[in-house]
Amino acid sequence: MPITTGGANLFFQLVNARYEKGAMILTSNRGFAEWGEVFGDPVVATALLDRLLHHAVVSQIEGASYRLRGHADLIPEHVRANAPIAPPPPPKRRGRPPKVRNGAADH
């Protein structure tokens, strides 16, 4: 969702105050090219990105949503067709492995 001008300025002040003083971890579902639109001001977005990306390690994660994996049936078909949502994996077995007797595992 778009950020108000006041919110964008406050966020810039936060990033600027933290710049080169400590680590920050940010996540976004928007590409850097869209930040001008999100913040309502390409100049503020550029200044933010200038500080955030200096010394940064950027990790782009692609693929199915982990949070939505168990709820694919709740997403409309037209959205589901365009977004890869993998079904949940089978639950992992917890505890000790089964004992093996005479070449066969006890269950």
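These legends go with a set of close-up views of one predicted model. Local features need pLDDT of at least 70 and side-chain atom pairs count only at pLDDT 80 or more, while totals for chains, interfaces and linings use all residues. Residues are numbered from 1 along each chain as its sequence is written, and side-chain values use heavy atoms, leaving out hydrogens and water.

**View 1. The whole chain, piece by piece.** Here you have four helices and two strands, taken as DSSP runs numbered from the N terminus (H or I, at least four residues, for helices; E, at least two, for strands). Follow the sequence and the pattern reads α-α-α-α-β-β. Of the 107 residues in the chain, 13% are buried (buried means under 20% relative accessible area, exposed over 50%, partly exposed in between, with a 1.4 Å probe and protein chains only).

**View 2. Helix 1 from end to end.** This helix covers residues 5-18, so 14 residues in total. From first C-alpha to last it reaches 20 Å, close to the 20 Å expected (1.5 Å times one less than the number of residues). Leu14 sits in helix 1 and is partly exposed, at 48% relative accessible area.

**View 3. Val58 and its patch.** Look for Val58 in the loop between helix 3 (42-53) and helix 4 (77-80). Val58 is exposed, with a relative accessible area of 52%. Together with Phe32 and Leu53, Val58 forms a nonpolar surface patch of about 250 Å² accessible area. Patch residues have over 30% relative accessible area and no salt bridge; nonpolar side chains (Val, Leu, Ile, Met, Phe, Trp, Tyr) are joined within 5 Å, like charges within 9 Å. A salt bridge is a Lys or Arg side-chain nitrogen within 4 Å of an Asp or Glu carboxyl oxygen, and areas come from the Shrake-Rupley method with a 1.4 Å probe, only the protein chains shown counting as cover for residues.

**View 4. Ile25 across from Val58.** Ile25 belongs to the loop between helix 1 and helix 2 (35-39). Ile25 is exposed, at 81% relative accessible area. Between Ile25 and Val58 there are 9.9 Å, C-alpha to C-alpha, and they are 33 residues apart in sequence.
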